[in-house]
Amino acid sequence: MTGSIVVKNKDDKVPSASDVDKAAQSEKDALVSKLVGPYNDAKAGKFPLPGITNVVGYGAQDVQNASINEMIPATVKAKVGQKVAWTMIAFHTLSFGKTPIEPGKFLTKAPDGAWHLNEQAFAPVGFPPAPQGPSGPPAAGPPPVKTLDGGTYDGNAFKSSGGVGSDPESGLLQYTVTFTKAGSYPFVCLVHPKMGGVVQVS
Ligand SMILES: [Cu+2]
């Protein structure tokens, strides 16, 4: 994520706030129009790569600077004993149970006014953390898939993937959870408020 500030001479003309707003809006419209097709396909259960049925966040390969902060589908159905896989697209968490922080409230203000990241939002909970290895050069062909197995879940505790995502170099990351008891299990992303869904296990 990068940006730049251009400092102009005092007498140079600079765009007005409304010019900047208009430019930003048209950039946004252009990005949205590129994402609408893939988004509608995903909502209809159509993903461009095999083996993907559930995603945490979504986007389009040719749009690197915008993504969709949504769980697709929002309702996932599973049978007792079934291992469910979610493909983590950008940086999100997939978290079940009573969350240690309110989704989106991952920054806390210290008495000195400095903002700190709330580590509880991004730590994996309820299973051993995945080994963090260096990512290699991109391989030819479809991106490799790495699996982060979250183990089993019966609704009795907090469980979270931690803050994870896929990246173009090391490939897709799938987080899996095996449901051992019938029930309805809501899940959220601790980074983005309103990003959630439910697993219905029967
Ligand atoms: Cu998120």
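This text walks through the structure from its overall plan to a few local details.

The model is predicted. Start with the whole chain. The protein chain contains 2 helices and 12 strands. Along the sequence, their pattern is α-β-β-β-β-β-β-β-α-β-β-β-β-β. Taken along the principal axes, the C-alpha atoms of the protein chain fill a box of roughly 70 × 50 × 35 Å. Of the 202 residues in the protein chain, 23% are buried. Now look at the contacts in the protein chain with a separation of 6 or more. Residues 24 or more positions apart account for 71% of these contacts.

Helix α1 covers residues 17-43. Does its length fit its residue count, or what should it span? At 1.5 Å a residue, the 27 residues of α1 should span 39 Å. The C-alpha atoms at its ends are 36 Å apart, which agrees. The helix also has a kink. The kink is about 35 degrees and lies at V36, shortly before the proline P38. α1 is hardly covered: among its 27 residues, the count of buried residues is 1. After α1 comes G45, with a positive phi near 85 degrees.

α1 leads on to a sheet. The helix lies across β1 and β2, and runs at about 35 degrees to β2. Both strands belong to an open sheet of 5 strands. The order in this sheet is β2-β1-β4-β10-β8, and the pairing is mixed. At the edges are β2 (63-72) and β8 (145-153), each of which pairs on one side only. On average, neighbouring strands of this sheet are turned by 30 degrees against each other, direction ignored.

β1 takes in residues 55-60, and pairs with β2 in the antiparallel sense over 4 bridges. P73 itself sits in the loop between β2 and β3 (75-78).

Now go inside. In soluble globular proteins, nonpolar side chains tend to be buried together. Here, the largest nonpolar core has 30 residues. Which residues touch the most other members? They are V55, V56, M88, L94, Y175 and C189. Several elements give two or more residues to this core: β1, β2, β4 (83-88), β8, β10 (172-179), β11 (183-188) and β12 (196-201). β10 gives the most, with 5 residues.

The contacts of M88 are then V56, L94, S161, V164, G165, S166, L173 and Y175. Among them, V56, L94 and Y175 are also listed with M88 as residues that touch the most other members of the core.

End with one last loop. K194 lies between β11 and β12. Its phi is positive, about 75 degrees, although K194 is not a glycine. Most residues other than glycine have a negative phi, and most peptide bonds are trans. Is K194 buried or exposed? K194 counts as exposed, because it has 10 C-beta neighbours inside 10 Å, and the cut-off for exposed is 12 or fewer.

How values were computed:
Residues numbered from 1 in each chain as written. Predicted model: local features only at pLDDT ≥ 70, side-chain atom pairs only at ≥ 80, totals over all residues. Pairing = 2+ DSSP bridges. Axes fitted to C-alpha atoms, helices over the stretch in contact; angles between N-to-C directions. Contact = placed C-beta atoms within 7 Å. Core = buried A, V, L, I, M, F, W, Y, C linked by C-beta atoms within 7 Å. Buried ≥ 20, exposed ≤ 12 C-beta atoms within 10 Å, placed from the backbone. Expected span 1.5 Å × (residues − 1). Bend = angle between axes of the 7 residues up to and from the residue. Lists of a residue's contacts leave out its neighbours within four places in sequence.
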